[in-house]
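Some notes on the model follow, as numbered points. Please read them with the structure open.

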Amino acid sequence: MAVLFIGAQDIRSISFALAEDGRVTQTTDVQSYPEAYLSALASTLEAWKVSLDEVTAVAVVVGPGAFTSSRVSTMIANTISFARCI
């Protein structure tokens with residue numbers, strides 16, 4: 001079971017983490033604006049050699065922080081969850 005964590009409390013960066021079997025196995029912080037969060041996630045997963053097919057749950061940090069970055073990161077998490085039926 002792989003859990004993808006998304007956190008974007010600062011309008012200028014986003015953080016990703018991956019946990020497997022209850023252990024955090026990957027983390028990264030990407031300097032990016034909300035417009036590029038999705039491509040930052042794609043690049044991060046590619047660097048980690050992880051496919052969204054391997055993700056069984058998505059968690060997102062919703063605050064405190066910048067409203068726009070929280071809204072966009074929540075939308076990304078919801079879209080992944082909806083598309084993967086998780």
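1. Buried is used here for a relative accessible area under 20%, exposed for over 50%, and partly exposed for values in between. Ser13 has a relative accessibility of 19% and therefore counts as buried, the cut-off being 20%. The model is a predicted one, and the values below should be read with that in mind.

2. Overall make-up. The chain has two helices and four strands. In sequence order these follow the pattern β-β-β-α-β-α. The radius of gyration is 12 Å, close to the 12 Å given by the globule rule for 86 residues, so the chain is as compact as a globular protein of that length. Along the principal axes, the C-alpha atoms fill a box of roughly 30 × 25 × 20 Å.

3. Burial and contact range. Of the 86 residues in the chain, 36% are buried. Taking contacts between residues at least 6 apart in sequence, 50% join residues at least 24 apart.

4. The helix pair. Two packed helices are described by the angle between their axes and the distance between the axes. Here the axes of H1 (residues 37-48) and H2 (residues 67-84) come within 10 Å and cross at roughly 55°. H1 is therefore oblique to H2. The crossing of the two helices is right-handed. On the H1 side the contact is made by Tyr37, Leu38 and Leu41, and on the H2 side by Ser69, Val72, Ser73, Ile76 and Ile80. Sorted by class, this contact has six nonpolar residues, two polar ones and no charged ones.

5. Ser70. This residue belongs to helix H2. Is Ser70 buried or exposed? Its relative accessible area is 8%, so Ser70 is buried. Apart from neighbours within four places in sequence, Ser70 is in contact with Ala8, Gln9, Val62 and Gly63.

6. Ser13. This serine lies in strand E2. Leaving out residues up to four places away in sequence, Ser13 touches Ala8, Val30, Gln31, Ser32 and Tyr37.

7. Ser43. A serine in helix H1, Ser43 has a relative accessible area of 48% and is therefore partly exposed. Ser43 and Val30 are 13 residues apart along the chain, and their C-alpha atoms are separated by 9.9 Å.

8. Val55. Strand E4 covers residues 55-61 and includes Val55. With a relative accessible area of 0%, Val55 is buried. Which residues does Val55 contact, leaving aside its neighbours within four places in sequence? They are Ala2, Leu4, Arg84 and Ile86. Glu20 lies 35 residues from Val55 along the chain, with a C-alpha separation of 9.4 Å.

9. Phe5. Strand E1 (residues 2-7) contains Phe5. At 35% relative accessibility, Phe5 is partly exposed. Not counting residues up to four places away in sequence, Phe5 touches Ser15, Phe16, Ala17, Ala19 and Ala59. Between Phe5 and Ala57 there are 52 residues of sequence separation, and the C-alpha to C-alpha distance is 8.7 Å.

10. Backbone points to check. Most residues other than glycine have a negative phi. Asp21 has a phi near 55°, a positive value in a residue other than glycine. Asp21 sits in the loop between strand E2 (13-20) and strand E3 (23-31). Its relative accessible area is 73%, so Asp21 is exposed.

11. Lys49 likewise has a positive phi, near 60°, and is a residue other than glycine. The loop between H1 and E4 holds Lys49. At 73% relative accessibility, Lys49 counts as exposed.

Key
Residues numbered from 1 in each chain as written. Predicted model: local features only at pLDDT ≥ 70, side-chain atom pairs only at ≥ 80, totals over all residues. Heavy atoms only, no water. Axes fitted to C-alpha atoms, helices over the stretch in contact; angles between N-to-C directions. Parallel < 35°, antiparallel > 145°, perpendicular 65-115°, else oblique. Left-handed = near helix turned anticlockwise from the far one by under 90°. Contact = heavy atoms within 4.5 Å. Nonpolar A, V, L, I, M, F, W, Y, C, P; charged D, E, K, R; others polar. Rg over C-alpha atoms; globule rule 2.2 N^0.38 Å. Buried < 20%, exposed > 50% of the residue type's maximum accessible area, 1.4 Å probe, protein only.
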